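Let us go through this structure by question and answer. Have the sequence and the model open as you read.

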Amino acid sequence: MASKNDKYNIICLSNQLWDFPNWTNKRHIMLRLAKKGQNVLFVDPPINAGNVFFRQIKRGLWSLKRLLTQQKMDSGLRVYTPVNLLPFSGITSKMHVNRIKKLAAKNFDPKLKTLLWVYHVEIPNLPEYINDLKYDFLIYDCVDNYEGFPAYDTPQKKEKIRTIEKYLAQKANVVFATAPGLIEKLKNYNNHVYFTPNVGDYEKFKDAKSLFSQIPEDLLKIPRPRVGFTGALDQYKFDLPLLKKIATENPNCSFVLIGQIALKDKDSKLKDLQIDNLKNIYFLGQRSYEVLQYYFAGFDAFIIPYVLNDYTVGGCFPVKFHDSLAAGLPTIVTNLPAYAPFRDVCYIAKDHNEFSADIKKAIQEDSPQKIKARQDIAKDNNWDGKVEMLLSIIGESI
């Protein structure tokens, strides 16, 4: 039996680009693993040589060296971004697998065991990676209820993603899952399923209350009380009717949205959501995760107005929840199962009317005692603690 202090080579098949504007759970985890001395090769989801790729080049994310090697070093991590130069996934998958094998052979320590850590259940030709890559231990880290995604909108499509997820879960030595609904589903495929809920960056947000002198100008000019939200305004999880209701019924509050409008039309504006007529809604657009603590410093409360559907109920646990608690903010959420253990430090609304009423209540009854209770919970649910837990599970299982 190994221990949590053992060193490994780690190939991480991510389902989100390392250069994604907002930090994701896999980025938090892999960065901390690298800081602990683990050898991490972070593999981005394959990117087509099309609009997304060229937008990244325009943003200056691809140096000449990265264009030639499809690699870069970032915070001690080697990031490999496979580029699909051909429209044939069978061929490109083989090319990507071979490249990963070469990178591993060149950069990994042959004396250490290798973990294949898979987030990307949707990667084309996943069995090609599972069967051809060299590793000692396979991890499926499940962070989403994939069959609840809008892309899987027919019984046939849902069955297809279920089949590939079942294949991965059955092959895995251990399965991590971030929400109660995911645990129940994945236990049907594997006896070694562990509940590893999302956590927050306590160290980053814990001093938000003392950052008032550094609140950004675009937020300072918005009237208080300010009720914040960060993240994508996705059609399949963000409850737009709820936002309209709470903004209408709480006209004295300013509702500040930071993130992207994730509609099918990528050039969509706030007016496309039909809320531009509500003068107490302020959409600031995307902001880097590196500066979010300064925005949290200017919030008086935080909301996560998610709809209840197959995706959210079945497997959603927003990372921003614990970030908000770490900042000490009164946090109002919809009734997702993942929040149940934290009912004493947040406001879980059972319906739209309760959500609207809870905003006023949360702001009015805020106190130093409540702030401390929220931050105490956030301190116990931080990324460093989660990484220790994951390494302990691996150490006991490998």
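**Surface, spaces and salt bridges**

Phenylalanine 88 is partly exposed, with a relative accessible area of 47%. Keep in mind that this is a predicted model.

Student: In which loop does phenylalanine 88 lie?
Tutor: Look at the elements on either side. Strand E6 covers 83-84, and helix H4 covers 89-107. Phenylalanine 88 lies in the loop between E6 and H4.

Student: Which element gives the most to the lining of the second largest pocket?
Tutor: This pocket has a volume of about 230 Å³. Its lining counts 15 residues, and Ala104, Ala105, Phe108, Thr114 and Lys134 lie nearest the centre. Strand E1 (9-13) and H4 each supply at least two lining residues. The most, four residues, comes from H4.

Student: Which residues line the largest cavity?
Tutor: The structure holds one cavity of 30 Å³ or more. The largest cavity has a volume of about 30 Å³. By class, its lining has four nonpolar, three polar and one charged residues. The lining residues are Gln16, Leu17, Trp18, Phe20, Asn22, Thr24, Arg27 and Phe42.

Student: Which residue does a cis peptide bond join to arginine 224?
Tutor: Check omega at this bond: the angle is about 0°.

Student: Is serine 75 buried, partly exposed or exposed?
Tutor: Serine 75 sits in the loop between strand E4 (71-74) and strand E5 (77-80). Its phi is near 55°, a positive value in a residue other than glycine. Its relative accessibility is 46%, so serine 75 counts as partly exposed.

Student: What is phi of asparagine 125 near?
Tutor: Asparagine 125 has its place in the loop between strand E7 (114-118) and helix H5 (126-132). Its relative accessible area is 32%, so the residue is partly exposed. Phi is positive, in a residue other than glycine, and near 60°.

Student: How many residues apart in sequence are the parts tied together by lysine 72 and aspartate 19?
Tutor: These two form a salt bridge, with the closest N and O atoms 2.7 Å apart. Lysine 72 lies in strand E4 and aspartate 19 in the loop between E1 and helix H1 (25-35), so the pair ties together parts that are 53 residues apart.

Student: Are aspartate 201 and arginine 32 buried or exposed?
Tutor: Their side chains meet in a salt bridge of 3.5 Å, N to O. Aspartate 201 lies in the loop between strand E10 (193-195) and helix H8 (202-205), and arginine 32 in helix H1, so the pair ties together parts 169 residues apart in sequence. Both aspartate 201 and arginine 32 are buried.

Student: Which helix holds lysine 94, the salt-bridge partner of glutamate 128?
Tutor: The closest N and O atoms of glutamate 128 and lysine 94 are 3.1 Å apart. The pair links distant parts of the chain, 34 residues apart. Glutamate 128 is in helix H5, and lysine 94 is in helix H4.

Conventions:
Residues are numbered from 1 along each chain as its sequence is written. This is a predicted model: local features need pLDDT of at least 70, side-chain atom pairs count only at pLDDT 80 or more; totals for chains, interfaces and linings use all residues. Side-chain values use heavy atoms; hydrogens and water are left out. Buried means under 20% relative accessible area, exposed over 50%, partly exposed in between (1.4 Å probe, protein chains only). On a 1 Å grid over the protein atoms alone, a cavity is a set of points where a 1.4 Å probe fits but cannot get out, and a pocket is an open set with protein on both sides within 12 Å along at least five of seven lines; lining residues have an atom within 4 Å of a point. Grid points are joined across faces, edges and corners, and a volume is the space filled by probe spheres set on the points. Ala, Val, Leu, Ile, Met, Phe, Trp, Tyr, Cys and Pro count as nonpolar, Asp, Glu, Lys and Arg as charged, and the others, Gly among them, as polar. A salt bridge is a side-chain nitrogen of Lys or Arg within 4 Å of a carboxyl oxygen of Asp or Glu.
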